Amino acid sequence: MSSKFSSVLILIPLLWLSVGCQRQEGVSTYTVEREFAPRPPNDYAAVAQRLDHTLAAILPQDDQAWFFKMAGPAPAVERRREDFLAFLKTVAPAAKAGAPPSWQLPAGWEEKGASQMRAATLVVPDDDRPLEIAVSSLPLTDDWDDFLNRNVNRWLGQLSQGPLTGATIKKLAEEVS
């Protein structure tokens, strides 16, 4: 091998080493004054009060499930929570198959007739504007837990909320008698 060629081969690794040994630019820090005040932390309680809330109940009856659902602004729904629960205690399964359940309306409430998607609409007076309880039904499937989970998660989707697990739904559910 010629000495010129071996000299070039030795110089190439030396050039690579010299490129890698150059001084690197360091990290520098500095302080800048804010142009805007920092945002205040989120007030989750205040945000929740501006969102819609839903109270719902399902009454299984033969091969049907009857739904009672009240949705509206959080403060109004919370004001009427106890009234809704008291109303549910008056709901009784129908005497004959296929008929809707019966109920007793509290003083001041009114019942509107059936519509395309509802068996009835119950109007609940409130300070700001009346709330409605939608009464509807669907065929009841064999697996109650699956039926409950699908419907609760459907309602959560209507409120732009993510789904809950079956265990969480069971934990949150209350039986009214």
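Guide: Let's start at F67, which counts as buried at 3% relative accessibility. Here buried means under 20% relative accessible area, exposed means over 50%, and partly exposed is in between (1.4 Å probe, protein chains only). Bear in mind that this is a predicted model, where local features need pLDDT of at least 70 and side-chain atom pairs count only at pLDDT 80 or more, while totals for chains, interfaces and linings use all residues. Residues are numbered from 1 along each chain as its sequence is written, and side-chain values use heavy atoms, with hydrogens and water left out.

Now for the rings. The structure has seven aromatic pairs, a pair being rings of Phe, Tyr and Trp (its six-membered ring) with centres within 6.5 Å; planes under 30 degrees apart are stacked, over 60 edge-to-face, and the rest tilted. F67 is in an edge-to-face pair with W155, at 5.8 Å centre to centre and 90° between the planes. That pair links distant parts of the chain, since F67 is in strand β2 and W155 in helix α5 (residues 144-158), 88 residues apart. Helices (H or I, at least four residues) and strands (E, at least two) are DSSP runs, numbered from the N terminus. W155 is buried too, with a relative accessible area of 10%. Another pair, F87 with W109, is tilted: 5.4 Å centre to centre, 40° between the planes. Here F87 belongs to helix α4 and W109 to the loop between α4 and β3, 22 residues apart. Both F87 and W109 are buried. Back at F67, ring pairs join F67, W144, F147 and W155 into a cluster.

F87 leads us on to α4. In this helix F84, F87 and L88 are buried. Looking down the axis of α4, the buried residues fall within an arc of 100° (taken from the directions from the helix axis to the C-beta atoms), so they line one face of the helix. They pack against β1, β2, β4 and β5, with contact meaning heavy atoms within 4.5 Å.

What do those side chains join? A nonpolar core is a set of buried Ala, Val, Leu, Ile, Met, Phe, Trp, Tyr and Cys residues joined through side-chain atoms within 4.5 Å. The largest one has 20 residues, and F68, M70, F84, F87, W103, I133 and V135 touch the most other members. Two or more residues each come from β1 (52-61), β2 (64-73), α3 (74-79), α4 (81-88), β4 (120-124) and β5 (131-139). W103 touches F68, F87, T90, V91, E111, A120, L122 and V135, leaving aside residues up to four places away in sequence. Apart from this core lies another, of eight residues, including F67, F147, W155 and I169.

On to the charged side chains. There are nine salt bridges in the structure, each a side-chain nitrogen of Lys or Arg within 4 Å of a carboxyl oxygen of Asp or Glu. One of them joins R79 to D126, at 2.5 Å from N to O. R79 is in helix α3 and D126 in the loop between β4 and β5, so this pair ties together parts 47 residues apart in sequence. D126 is buried, at 12% relative accessible area, and R79 is partly exposed, at 34%. R79 also has a salt bridge with D128, the closest N and O atoms being 3.3 Å apart. This pair links distant parts of the chain as well, with D128 in the loop between β4 and β5 and R79 in helix α3, 49 residues apart. D128 counts as exposed, at 64% relative accessibility. Then there's D83 with R80, a salt bridge of 3.2 Å from N to O. D83 is partly exposed, with a relative accessible area of 30%, whereas R80 counts as buried at 18%. Salt bridges with shared partners bring R79, R80, D83, D126, D127 and D128 into one network.

Last, the wider setting. The protein chain has six helices and five strands, in the order α-α-β-β-α-α-β-β-β-α-α along the sequence. Of its 177 residues, 23% count as buried. Among contacts with a separation of 6 or more, 47% are between residues 24 or more positions apart.
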